[in-house]
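Have the model open and follow along.

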Amino acid sequence: MNTPHGIHGTHGHLGHGRASGSDIAMARMLEADAEVLAPYLTRLTGWLAEVADPAPARILDLGSGPGTGSLALAHRFGPARVTAVDISAQMLHRLNKQAAAHGVAGRIRTLEADLDAPWDEIGAGGPYDLVWAAAFLHHAADPARTLAQAFERVRPGGLLAVTEMDFFPRFLPEDIGIGRPGLESRLHAVTNTRPPRDWTGELMNAGFTVEARRPFDIRLDRTQAGPALPRYARICLLRLRSHATDVLDADDLAVLDTLLDESRPHGIARRNDLSVSTTRTTWLARRP
Ligand SMILES: C[S@@+](CC[C@H](N)C(=O)[O-])C[C@H]1O[C@@H](n2cnc3c(N)ncnc32)[C@H](O)[C@@H]1O
């Protein structure tokens, strides 16, 4: 069974597919994610600004995707230069467009590379003061090797921030007015069966000192989440739907399809009872 491990894809599988269609779908989800969860990203980068002293001037974003992290970091850390690495040309193309739109293109360099292969080109621009890996480590074929290579690229005293999602976001109230109450819980129970992973041991094995492991509990109501919430909710539920066919009861599948049908009165786009809740954890590690 496929197990969507967090919004960022089926654990260890999606993101490696090079079909540009799937990359575009993933990029749209990540962009909507960053738009809705902007208050969380602000908190996270604000925390990094408190602990990184001096402020990082050279930043490496591993598995940058369309660059929501690179952009947040470029904004947070004024003159810093960011190197964004991803295996997907499509993701990096979107990143470059966004960087230009945000006026930071001169400070973000994109590098198309497979981080599962030797990191020959990735030293350029380093050593780095901050290495950022958001929703990426679970994609790595050999996370221990990835962390060892990251260790080599960060300067002594520099930081690595690893972020992973603990739980896929939830959007619906218990009773949505159609079908049996508890649809979303059942959907998660059958499609998202892996417990969150603790990276502390791997980080220490790679030579890092783990300074913090901080869970961010994110709870935003409709107003706080802003106008992108219905779009974001629909993208996420569509992703779960694609894994639910053989594992969710037929009556629940029918209700889910009604929710995802934009023309229906109960459809996501027309609901005013949406909210978002999710948990993400960041490990803050330092190279001694
Ligand atoms: C779930 S996305 C996260 C993107 C971004 N960090 C974010 O938080 O929005 C994972 C990214 O890792 C990239 N990726 C997966 N395997 C990779 C590899 N072996 N080398 C480089 N990038 C890879 C994918 O192309 C995808 O953009």
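L137 sits in the loop between β4 (128-134) and α5 (143-153), where helices (H or I, at least four residues) and strands (E, at least two) are DSSP runs numbered from the N terminus. Leaving out residues up to four places away in sequence, L137 touches P143, T146, L147, V162, E164 and W199, a contact being heavy atoms within 4.5 Å.

Before going on, a word on what you're looking at. This is a predicted model, where local features need pLDDT of at least 70 and side-chain atom pairs count only at pLDDT 80 or more, while totals for chains, interfaces and linings use all residues. Residues are numbered from 1 along each chain as its sequence is written, and side-chain values use heavy atoms, with hydrogens and water left out. The average pLDDT (the predictor's confidence in each residue, from 0 to 100) is 92, and 93% of the residues score at least 70. Over residues 1-17, though, the pLDDT is below 50. Where pLDDT is low, the predicted coordinates should not be read in detail.

Now for the ligand. Of the 21 residues around the ligand, G63, D86, D114, L115 and A134 come nearest, counting any residue with a heavy atom within 4 Å. The side chain of D86 has an N or O atom 2.6 Å from a ligand oxygen, and the side chain of D114 has one 2.8 Å from a ligand nitrogen.

Technical notes
A polar contact is a pair of N or O atoms within 3.5 Å; within protein, one must be able to donate a hydrogen and the other to accept it, and residues adjacent in sequence count only if both atoms are side-chain atoms.
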